[in-house]
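The exercises below ask for close reading of a structure, with each task followed by a solution in steps.

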Amino acid sequence: MTSSNHRHSDLDINPLFLDRWSPRSFSGEPIPKETLLTMLEAAHWAPSASNYQPWRFVYALRGTDGFDRILSVLAESNQVWAKSASALIIIFSDMLNRKDDGSEPKPFRSHSFDAGAAWAMLALQAVYSGYYAHGMGGVDFDRAIDVLKVPPGYRAEAAVAIGRLADKNLLPENLQAREIPSNRKPLSAVAFEGLFQST
């Protein structure tokens, strides 16, 4: 059993997995670009089918035009708190396997799975570096493709806000109660031996 960050795992895991969570209250303090690049470096060492590495990251530091561009494609409910992040990222994945031999690109089935693995590595490196990363699905994905000049064949997967933790009282009142690390379903509800089991 492992306990950390007011969370408890029934099995012995590294506390880093419990320390990772998705806060909304960020301090807004600047993040060194090298620190953000370290998180992206960790992300790009994620496992990948055939080592294709379909993930792509468009990132921006707070106070830049790029930050405002990324912020503008987030859902308004996310803009309310993400505007205080130190950095914003949109994660894309290449849906096509584009071989170097000039042959016709073919669909790449695991593009989203691989990009998700990269996001997980980024989130863990963020905690290790003293920051937090909050992934978001509340994004105008079609607009993100347009605004960020993404070429055809790429899928917008998610947005990420990164920053240092701040007091939850800085959030709007309706978000303050949600500003706690969430728990997980029992392992038996999601991991089945031999056959899938409906709950």
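A residue is called buried when its relative accessible area is under 20%, exposed when that value is over 50%, and partly exposed in between. The model is a predicted one, and every value used here is computed from it.

**Exercise 1.** Determine whether Y154 is buried or exposed, and list the residues it is in contact with beyond its neighbours within four places in sequence.

Solution. Begin with the location: Y154 belongs to strand β8. Next, take its relative accessibility, which is 17%, and because this falls under the cut-off of 20%, Y154 counts as buried. Then, leaving aside neighbours within four places in sequence, the contacts of Y154 are R56, S93, D94, M95, R98 and I145. Finally, for a view along the chain, P186 lies 32 residues from Y154, and their C-alpha atoms are separated by 35 Å.

**Exercise 2.** Describe how helix α2 and helix α5 are arranged, and say which residues make the contact.

Solution. Two packed helices are described by the angle between their axes and the distance between the axes. Here the axes of α2 (residues 33–43) and α5 (residues 111–128) come within 7 Å and cross at roughly 140 degrees. Angles over 145 degrees would count as roughly antiparallel and those from 65 to 115 as roughly perpendicular, so α2 and α5 are oblique to each other. The crossing in which α2 passes α5 is right-handed. On the α2 side the contact is made by T38, M39, L40, A42 and A43, and on the α5 side by A118, M121, L122, Q125 and A126. Sorted by class, this contact has eight nonpolar and two polar residues, with no charged ones.

Although T38 and A126 are 88 residues apart in sequence, their C-alpha atoms are 8.7 Å apart in space.

**Exercise 3.** Identify which elements give two or more residues to the largest nonpolar core, and state what L74 touches.

Solution. The largest nonpolar core has 27 residues, and those with the most contacts inside it are L74, W81, A82, L88, I90, V139 and A161. Two or more residues come from each of α3 (65–72), α4 (76–82), β4 (87–94), β7 (132–136) and β8 (154–163), with β8 giving the most, at four residues. Not counting residues up to four places away in sequence, L74 touches Q79, A82, M136, G138, V139 and A159. Another core, of 20 residues, lies apart from this one and includes A43, A87, I89 and A115.

Conventions
Residues numbered from 1 in each chain as written. Predicted model: local features only at pLDDT ≥ 70, side-chain atom pairs only at ≥ 80, totals over all residues. Heavy atoms only, no water. Axes fitted to C-alpha atoms, helices over the stretch in contact; angles between N-to-C directions. Parallel < 35°, antiparallel > 145°, perpendicular 65-115°, else oblique. Left-handed = near helix turned anticlockwise from the far one by under 90°. Contact = heavy atoms within 4.5 Å. Nonpolar A, V, L, I, M, F, W, Y, C, P; charged D, E, K, R; others polar. Core = buried A, V, L, I, M, F, W, Y, C linked by side-chain atoms within 4.5 Å. Buried < 20%, exposed > 50% of the residue type's maximum accessible area, 1.4 Å probe, protein only.
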